[in-house]
Amino acid sequence: MNKKLVAALSGGAALVLALTGCGGGDDDKKVNDWAKSVCDEVQPQLKKIQGANTAIQGAADEQDSKKLQQTDSKAFQEISESYGALAKAVNKAGPPPVDSGDKTQKQAVKELNATSGSYTKLKSAIDKLDTSDKSKFAQGLAGVADELDKLSKSGDQALRKLQEGKVGSAMAKQPGCQKPKTAGGGATQS
């Protein structure tokens with residue numbers, strides 16, 4: 001019943017881990033300091049997002065509609081709050097000390113807040129589903145999965161821009177911006 005939702009979440013993994021950085025090596029102190037200020041706030045949020053996604057995936061075979069609804073609702077709430085916290089972290093850090101840093105920061109904050117709002121809408125949608133009729137619930141769940149799929153494919157260009165050049169190199173070095181370790185394997189660093 002929840003497998004389409006899990007598939008949509010898997011497709012959204014790039015967005016969830018968009019702040020995990022990629023390789024590089026410029027040692028500009030201002031950029032490194034900026035990246036540290038953001039990344040120190042990022043890691044706990046990435047762990048919450050990962051935990052919420054794991055909860056949804058763990059409920060993929062749940063047959064009790066009410067339990068499934070509660071699990072998904074709670075997970076969407078946690079993901080929404082985490083994206084909101086990420087937006088605050090990027091906003092609090094100020095513009096990265098690079099060309100067009102102010103514009104890049106504003107776009108990233110706007111996008112993170114929009115993503116937070118989108119997950120709040122998904123939570124509302126899942127909360128409104130009728131769990132007493134499995135067929136209607138499954139149809140509604142499919143609609144939520146479609147919205148989640150669109151969200152996972154929607155632009156994360158501002159976040160990618162935030163990770164370009166010196167800023168991306170500096171963020172990649174910060175432990176807080178590296179993918180959280182999971183039971184299945186270690187953090188990937190490039």
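Modeller: G84 is buried, with a relative accessible area of 15%. Here buried means under 20% relative accessible area, exposed over 50% and partly exposed in between, calculated with a 1.4 Å probe on protein chains only. This is a predicted model, in which local features need pLDDT of at least 70 and side-chain atom pairs count only at pLDDT 80 or more, while totals for chains, interfaces and linings use all residues. Residues are numbered from 1 along each chain as its sequence is written, and side-chain values use heavy atoms, with hydrogens and water left out.

G84 sits in helix α4. Helices are DSSP runs of H or I with at least four residues, strands are runs of E with at least two, and both are numbered from the N terminus. Across from G84 comes L112: the two are 28 residues apart in sequence, yet their C-alpha atoms are 6.5 Å apart in space. L112 is among the buried residues of α5, as are A108, T115 and Y119.

α4 covers residues 65-93 and α5 covers residues 101-128; their axes lie 8 Å apart at an angle of about 165°. α4 is therefore roughly antiparallel to α5. Axes are lines fitted to C-alpha atoms, for helices over the stretch in contact, and angles run from 0 to 180 degrees between N-to-C directions. Angles under 35 degrees count as roughly parallel, over 145 as roughly antiparallel, 65 to 115 as roughly perpendicular and the rest as oblique. The crossing of α4 and α5 is left-handed, a term used if the near helix is turned anticlockwise from the far one by less than a right angle, with clockwise giving right-handed. Their contact holds 12 nonpolar, 11 polar and 4 charged residues. For these classes, Ala, Val, Leu, Ile, Met, Phe, Trp, Tyr, Cys and Pro are nonpolar, Asp, Glu, Lys and Arg are charged, and the others, Gly among them, are polar.

In the loop between α4 and α5 you will find S100. Its phi is near 60°, a positive value in a residue other than glycine, and S100 is partly exposed, at 48% relative accessible area.

On another side of α4 we meet α3. The α3 and α4 axes come within 9 Å and cross at roughly 175°, so α3 is roughly antiparallel to α4. This contact divides into 16 nonpolar, 5 polar and 6 charged residues.

Finally, the core. The largest nonpolar core has 36 residues, and those touching the most other members are W34, F76, Y83, V90, Y119, L122 and M171. Such a core is a set of buried Ala, Val, Leu, Ile, Met, Phe, Trp, Tyr and Cys residues joined through side-chain atoms within 4.5 Å. Two or more residues each come from α3 (29-58), α4, α5, α6 (134-153) and α8 (165-173), and α3 gives the most, with 10. α3 also meets α8, their axes coming within 8 Å and crossing at roughly 55°, which makes α3 oblique to α8.
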